Amino acid sequence: MAARTKSPREQAPPRQRIGGPPPFRPVQLAQLASAVPTGDRWIHEMKYDGYRTLLAIGVGEARAYTRSGLDWSDRFGGILAAALKLKVKSALIDGEAVVLDADGRSSFQALQNALKGDQDNIDYFAFDLLELNGEDLTGLPLLERKLRLRAIMPANATRLRYSEHIVGSGEKLLDQFCAADLEGVISKLATGRYSGSRSGGWIKTKCIRRQEFVIVGWTPSDKSRLFRSLILGVNEDGRLRYAGKVGTGFTTDELFRLMEKMRPLAQKDATVEAPRAEVRGAHWLKPRLVAEIAFTEMTNEGTLRHPSYLGLREDKKPEAVVVEAEAPPPAAGGGSGVKISNRDRVLYPEGGITKGQLADHYEAVAEIMLPWCGSRPISLVRCPQGRAKKCFFQKHDAGSFGDAVRHVGIAEKDGHEEPYLYVDTPQGLMTCVQMGTIEFHGWGARIEDVEKADRLVFDLDPDVGLDFEAVRSAAFTFRDILKSIGLETFPMVTGGKGVHVIAPLTPRAEWPEVKDFALRLALAVAQSDPANFTAALPKVQRKGRIFVDYLRNQRGATAVMPYSVRSREGAPVAAPISWKEMETIDTPAHWHVGDAPALIERAMSKALAGWGLASQALPDL
């Protein structure tokens, strides 16, 4: 393949963007804890009772995104009008949309009412700044990001407000908030970067327990045509289980609204197994609606005590609703807290690399890895006795991994559901390692909606005998082709023989459309340059060429995740890189176990952990 001329664009610093509104990026999530973390490492903010919202501003346009990436700009027009008055070229702000009562407390039910009527009552508390004037700030310490955020926020504003914080003394703040009937405290590492995942750097402590549950049915009222209570479910081990009923917290208007929403979801069969006496006369529903419920505690049977309905959660998918388990506050030394047994067991006999060294790698890179592999169905390559012995893929689990490794129910071809694995915390990641996992492979969709792809992956796989220069040239060819049809991409060295060219997608297109797009593009490239590319599946037809593996882009297919170790000689590590680095990198197995400090430094200094998180629509081909 012919040598390429470097373009000025390739020589520009990475992650600089001056233009329209920045695209959605996954938000940082907080872990639920039983107590406020102590010490001056932590800052503490009010936990607002509203909708988590990203504000994207740029060149006279503003957008509002929910925590799962839904575009709710039409619902937050007043906030966006105020955001457009900020003196910035572009910005991506993280915060909470709320409605305040007369005492200055945020009210989720009031917000629900405002979204159905007077949206002018909705305010916004900004607590983080991800991008400013084209610069990615996620690698900066939290306090520096907040300093820059305060500088751009209007003084004495009511619609847009800066979220204040205190350093240390979080226990006293929680006591004060609970006495004032507020929701609780969010605690954040003062020096933490913005990871876009549930990495452990943010902790939430609540005054009263509350979370989302799936509405699976309702029981009729003996006094009217309306319902008496909602029947609730929660995902566990890949399927919904009964979590109790809620019969309080409804206004008359909300009773009628819920009946209208539930009527078209009626079905004959129950979605959960529940005690017959508790659901006598029940009307069952397809599990499509999610409700926010407050409660005092959960019984040993897993049902709610003293539940109260707060409102519907349209920003969260039923598949993502699981029980939030309280964990102890983080230890002073940090880390996942997962004990790794048999640390001296040799997993790579050719280099003497041990299970302990593998675990140390994953412990170190958890914060930069979880934004990629967290909250998406994963398949594990488990090698309990080492890579030279029996290894196997695992994507389902019946509960042997414990609570830190989650499950999401996904329908198979015959219609029945299976519990697929996913992780969203360092504890989950390290539990998989403790269970003998070496490699992590993920779906091209997140658990919030497994039917819609959020990335397009082309695996460029060289035939035996082709050197890396052929792969390098092929990667740039694919980059230019995808760019010509409107898709920005980034490369990832896989730790194997090839390179992945990845285009992040806004999760709108479903799998048949994405697979068809990938297949037609692969065939077009192979037909236009048959000497160098092939899309043929039989290996005999790949001789001397790069196989364009488009099969990663279909429902259930997986691709190796960034920062995953490979079960190959020398323990190489997959890593996202810039196109500038692609020009000179020596091999797709450039990094190995032991290189975690270098990988983390790259991610923080160049914001490479954010590469690929900017979404874009799948274009017509």
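Helix H2 (108-116) is part of what covers the buried residues of H5, along with strands S12 (209-220), S13 (227-236), S15 (266-267), S16 (283-295) and S19 (308-312). Helices here are DSSP runs of H or I with at least four residues, strands are runs of E with at least two, and both are numbered from the N terminus. H5 itself spans residues 252-262, and its buried residues are Glu254, Leu255, Arg257, Leu258, Met259 and Met262. Buried stands for under 20% relative accessible area, exposed for over 50%, and partly exposed for what lies in between (1.4 Å probe, protein chains only).

A word on the model. It is a predicted one, in which local features need pLDDT of at least 70 and side-chain atom pairs count only at pLDDT 80 or more, while totals for chains, interfaces and linings use all residues. Residues are numbered from 1 along each chain as its sequence is written, and side-chain values use heavy atoms, with hydrogens and water left out.

Stepping back, the chain has 11 helices and 35 strands. Its radius of gyration is 25 Å, close to the 25 Å given by the globule rule for 621 residues, so the chain is as compact as a globular protein of that length. That radius is taken over C-alpha atoms, and the rule is 2.2 Å times the number of residues to the power 0.38. Along the principal axes, the C-alpha atoms fill a box of roughly 75 × 55 × 50 Å. Of the 621 residues, 56% count as buried. Among contacts with a separation of 6 or more, 72% are between residues 24 or more positions apart, a contact being heavy atoms within 4.5 Å.

Next come the aromatic rings, with 16 pairs in the structure. Rings of Phe, Tyr and Trp (its six-membered ring) pair if their centres lie within 6.5 Å; planes under 30 degrees apart are stacked, over 60 edge-to-face, and the rest tilted. Trp372 and Phe490 have ring centres 5.6 Å apart and planes at 55°, so this pair is tilted. It links distant parts of the chain, with Trp372 in helix H6 (residues 355-373) and Phe490 in strand S28 (residues 490-493), 118 residues apart. Both residues are buried. For Tyr420 and Trp443, the centres are 5.7 Å apart and the planes at 80°, so that pair is edge-to-face. Tyr420 sits in strand S25 (residues 417-422) and Trp443 in the loop between strands S26 (437-442) and S27 (455-462), so the pair ties together parts 23 residues apart in sequence. Tyr420 is buried at 4% relative accessibility, and Trp443 is buried at 2%. Elsewhere, ring pairs join Tyr51, Trp72, Phe76 and Phe108 into a cluster.

Pro507 lies between strand S29 (499-504) and helix H9 (511-528) and is partly exposed, at 36% relative accessible area. Its C-alpha atom is 5.3 Å from that of Ala453, 54 residues away along the chain. Apart from neighbours within four places in sequence, Pro507 is in contact with Lys452, Ala453 and Asp454. Ser375, in the loop between H6 and strand S22 (378-382), is not a glycine, yet has a positive phi of about 55°. Ser375 is buried, at 9% relative accessible area. Ala571, also not a glycine, has a positive phi of about 55°; Ala571 lies in the loop between strands S32 (559-560) and S33 (572-573) and is buried at 0% relative accessibility.
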